Amino acid sequence: AGGMNEAKIDYTALDYPGPEIGEAAREGKVLATSPRKDNLVVASFAGGCFWGVELAFQRVAGVEYTAVGYTQGEELEPTYGLVCSGATGHTEGLIVYYDPAVCKYESLLDTFFTFVDPTTVNGQGNDRGTQYRTGVYYHTPEQEEIAKARFAAEQEKLGSRKIASECKPGMPFWPAEKYHQQYLEKGGRFGSPQSAEKGSTDPIRCYG
């Protein structure tokens, strides 16, 4: 996976909101709202390979922007190869800018629990490793309260099957390389674009 030889990611070359997310991460900040559009609230998630979970959230009405990247790790400016090695502590994540006038945080949690099997430890589908662990990472006190209550309710439904997904405070979110952004909408591995239209229920082909 290249690892140490990979070029650093140029966050300034990414589409919005990549540059401001990269700048915030470099400053050690966790964004609660967009610095440019302060009516948009920020949240982050992890759902296995970040390509599929991004498309699921792109389809949610009120989600204005999404970006995939690396979060919940200590290493600065991680790259795909380093994260895939499992050595940095990051998970493949998704950051979401949403308009709370249109989309409640609860709706984002609905999408998370519909898309993810929260009982799988360190992975989803065929992807295994700590870099594929799943989680809900809250950026505001309100999100924390709602997320913790939802996790408790989901655990009650599951009974003896334990939730493995994390429910933790957000950490600096490092955007991924440009070619990973909106990967499935743009065609994925096989050059076959998938719908990111709001409300789309087309099955998601997680690798393209």
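The largest nonpolar core holds 40 residues, and within it Phe-45, Tyr-98, Tyr-105 and Leu-108 touch the most other members. This is a predicted model.

**Nonpolar cores**
- Another core, of 9 residues, lies apart from the largest one; Leu-31, Leu-40, Val-42 and Phe-173 are among its members.
- Leaving aside residues up to four places away in sequence, Tyr-98 has contacts that include Leu-40, Val-42, Val-63, Cys-103, Tyr-105, Leu-108 and Gln-143.

**Aromatic residues**
- The model has 14 aromatic pairs.
- One of the pairs, Trp-51 with Tyr-183, is stacked, at 4.0 Å centre to centre and 20° between the planes.
- This pair links distant parts of the chain, 132 residues apart: Trp-51 belongs to helix 2, and Tyr-183 to the segment after strand 8 (174-175).
- Both Trp-51 and Tyr-183 are buried.
- One aromatic cluster is formed by Phe-45, Phe-57, Tyr-98, Tyr-105, Phe-112, Phe-113 and Phe-151.

**Largest pocket**
- The volume of the largest pocket is about 180 Å³.
- Its lining consists of 14 residues, and those nearest the centre are Tyr-16, Gln-58, Tyr-65, Thr-66 and Gln-182.
- Strand 2 gives the largest share of this lining, 5 residues.
- The lining divides into 6 nonpolar, 5 polar and 3 charged residues.

Note on methods:
Residues are numbered from 1 along each chain as its sequence is written. This is a predicted model: local features need pLDDT of at least 70, side-chain atom pairs count only at pLDDT 80 or more; totals for chains, interfaces and linings use all residues. Side-chain values use heavy atoms; hydrogens and water are left out. A nonpolar core is a set of buried Ala, Val, Leu, Ile, Met, Phe, Trp, Tyr and Cys residues joined through side-chain atoms within 4.5 Å. Buried means under 20% relative accessible area, exposed over 50%, partly exposed in between (1.4 Å probe, protein chains only). Contact means heavy atoms within 4.5 Å. On a 1 Å grid over the protein atoms alone, a cavity is a set of points where a 1.4 Å probe fits but cannot get out, and a pocket is an open set with protein on both sides within 12 Å along at least five of seven lines; lining residues have an atom within 4 Å of a point. Grid points are joined across faces, edges and corners, and a volume is the space filled by probe spheres set on the points. Helices (H or I, at least four residues) and strands (E, at least two) are DSSP runs, numbered from the N terminus. Ala, Val, Leu, Ile, Met, Phe, Trp, Tyr, Cys and Pro count as nonpolar, Asp, Glu, Lys and Arg as charged, and the others, Gly among them, as polar. Rings of Phe, Tyr and Trp (its six-membered ring) pair if their centres lie within 6.5 Å; planes under 30 degrees apart count as stacked, over 60 as edge-to-face and the rest as tilted.
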